[in-house]
Amino acid sequence: MTLLTVENLEAGYETGQVLFGVDLVVEESELVSLLGRNGAGKTTTLRSVAGAAEPTVLGGEITFGSEQLAGVAPYSIAQRGLSFVPEARRCFPRLTVRENIRLAINHASDPKDLETVLDFFPELSEMREKQARNMSGGEQQMLAIARALAANPQLMLLDEPFEGLAPYIVRRIEDIIAEINDQQGIAVLLVEQNVAAAVAVADRHYILDEGRIVESVSTTQLRENEEMRQRYLGV
Ligand SMILES: Nc1ncnc2c1ncn2[C@@H]1O[C@H](COP(=O)(O)OP(=O)(O)O)[C@@H](O)[C@H]1O
Ligand SMILES: [Mg+2]
């Protein structure tokens, strides 16, 4: 069954339009990536779906399950089962791991319990009384994903989860994302510039260029088509 449908999405900022008709679909339990160069409009696409205050959606339709998301408040979108992990990994710096997850649980309509979430992240379980601000970038990314998981979503949106992380922690986060998808059946839409990491976890890929989806390909097609990678992704 189709979980998320984005049709002809147009969006932008005061400074101008950025998305010119984005079309994409995420099926139930699928792991899909949205790739594209810096400035292509990846974050703008995710923020439009999550209902963020910016950008302004100018046209098109966003359907989640059987509901239209346009005009729905972000907290209400989250309560319907869509969790968004923004680029900045927003955790509360002065709160501990446990308190950060607890807050996410308190805001969700049908959350997982704290121990279930911590069982999934042994590293976090061991540092449950540590403040987020004293954790490494990779640990904070794990905590941001743990907070999203705590809401027990049907779909998780991840904006560049590997950005700025050391290779070993990239591999650990790849495994976490794969497990969330496989074991929990949660669909994932992953935005990335790191093509190698996206190829390692996702089964299907959209390529966004200048605010339009220009390709929809399998991992094999993306691996084999160097010309396509060069043209749109520069790798
Ligand atoms: N808050 C904003 N205000 C104005 N322009 C923005 C804002 N955020 C992004 N943009 C512009 O929108 C375009 C797409 O940005 P973005 O969606 O962040 O791309 P990506 O995530 O693919 O790197 C860029 O030209 C960027 O400068
Ligand atoms: Mg971005």
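Q: Let's start with one residue: is S83 buried or exposed?
A: Happy to start there, and please keep in mind that this is a predicted model. Buried means under 20% relative accessible area. S83 has a relative accessible area of 5%, so it counts as buried.

Q: Where does S83 lie, and which residues does S83 touch?
A: S83 lies in strand β6. Leaving out residues up to four places away in sequence, S83 touches A148, A151, P153, L155, M156 and L157.

Q: How do I read the pairing of strand β6 with β7?
A: Here is the general idea. Strands of a sheet pair through backbone hydrogen bonds, either parallel or antiparallel. In this structure, β6 (residues 82–85) and β7 pair in the parallel sense over four bridges. As an example of a bridge, L82 has L155 in β7 as its partner.

Q: Which way does β7 pair with β8, and over how many bridges?
A: β7 and β8 (residues 187–192) pair in the parallel sense, over five bridges.

Q: How many residues of β7 are buried, and which way do they point?
A: Strand β7 covers residues 155–159, and five of its five residues are buried. L155, L157 and D159 point one way from the strand, while M156 and L158 point the other way.

Q: What does an antiparallel sheet look like here, and what is the strand order?
A: Look for the open sheet of four strands in the order β2-β1-β4-β5, where the pairing is antiparallel. The edge strands are β2 (16–27) and β5 (67–68), each of which pairs on one side only. β1 (residues 2–13) and β2 are joined over nine bridges in the antiparallel sense. To find one of these by eye, pick G12 and look across to Q17 in β2, its bridge partner.

Q: Which atoms of A40, K42 and T44 lie by oxygen atoms of ligand 1?
A: For A40, a backbone N or O atom lies 3.2 Å from an oxygen atom of the ligand. For K42, a polar side-chain atom is 2.8 Å from a ligand oxygen. For T44, a side-chain N or O atom is 2.5 Å from an oxygen atom of ligand 1.

Q: How do β9 and β10 pair, and what is in the turn?
A: β9 and β10 pair in the antiparallel sense over six bridges. They form a hairpin with two residues between them, and E210 in the turn has a positive phi of about 45 degrees. D209 stands opposite R212 in β10.

Q: How do I read a helix: which residues of α10 are buried?
A: A helix can be read by asking where its buried residues sit around the axis. Helix α10 (residues 226–233) has M228, R229, Y232 and L233 as its buried residues. These cover an arc of only 100 degrees around the axis, so they are on the same side of α10. What covers them includes β3 (31–35), α8 (195–201), β9 (204–209), β10 (212–218) and α9 (219–224).

Q: What comes just after α10?
A: G234, just after the helix, takes a positive phi of about 70 degrees. V235 is also found in the segment after α10. At 43% relative accessibility, V235 counts as partly exposed. Not counting residues up to four places away in sequence, V235 touches V195, E226, R229 and Q230. V195 is 40 residues away along the chain, yet the C-alpha atoms of V235 and V195 are separated by 7.9 Å.

Q: Which domain does UniProt place here, and at which residues?
A: The unreviewed UniProt entry places the feature "domain: ABC transporter" at residues 4–235. In the model, that span is 39% helix and 28% strand, and its end C-alpha atoms lie 29 Å apart.

Methods
Residues are numbered from 1 along each chain as its sequence is written. Chains are lettered from A and ligands numbered from 1 in the order in which they are written. This is a predicted model: local features need pLDDT of at least 70, side-chain atom pairs count only at pLDDT 80 or more; totals for chains, interfaces and linings use all residues. Side-chain values use heavy atoms; hydrogens and water are left out. UniProt positions are given in the numbering used here, feature names are shortened, and annotations may be inferred rather than shown by experiment. Buried means under 20% relative accessible area, exposed over 50%, partly exposed in between (1.4 Å probe, protein chains only). The arc is that of the directions from the helix axis to the C-beta atoms. Contact means heavy atoms within 4.5 Å. Two strands pair if DSSP finds at least two bridges between them. A polar contact is a pair of N or O atoms within 3.5 Å; within protein, one must be able to donate a hydrogen and the other to accept it, and residues adjacent in sequence count only if both atoms are side-chain atoms.
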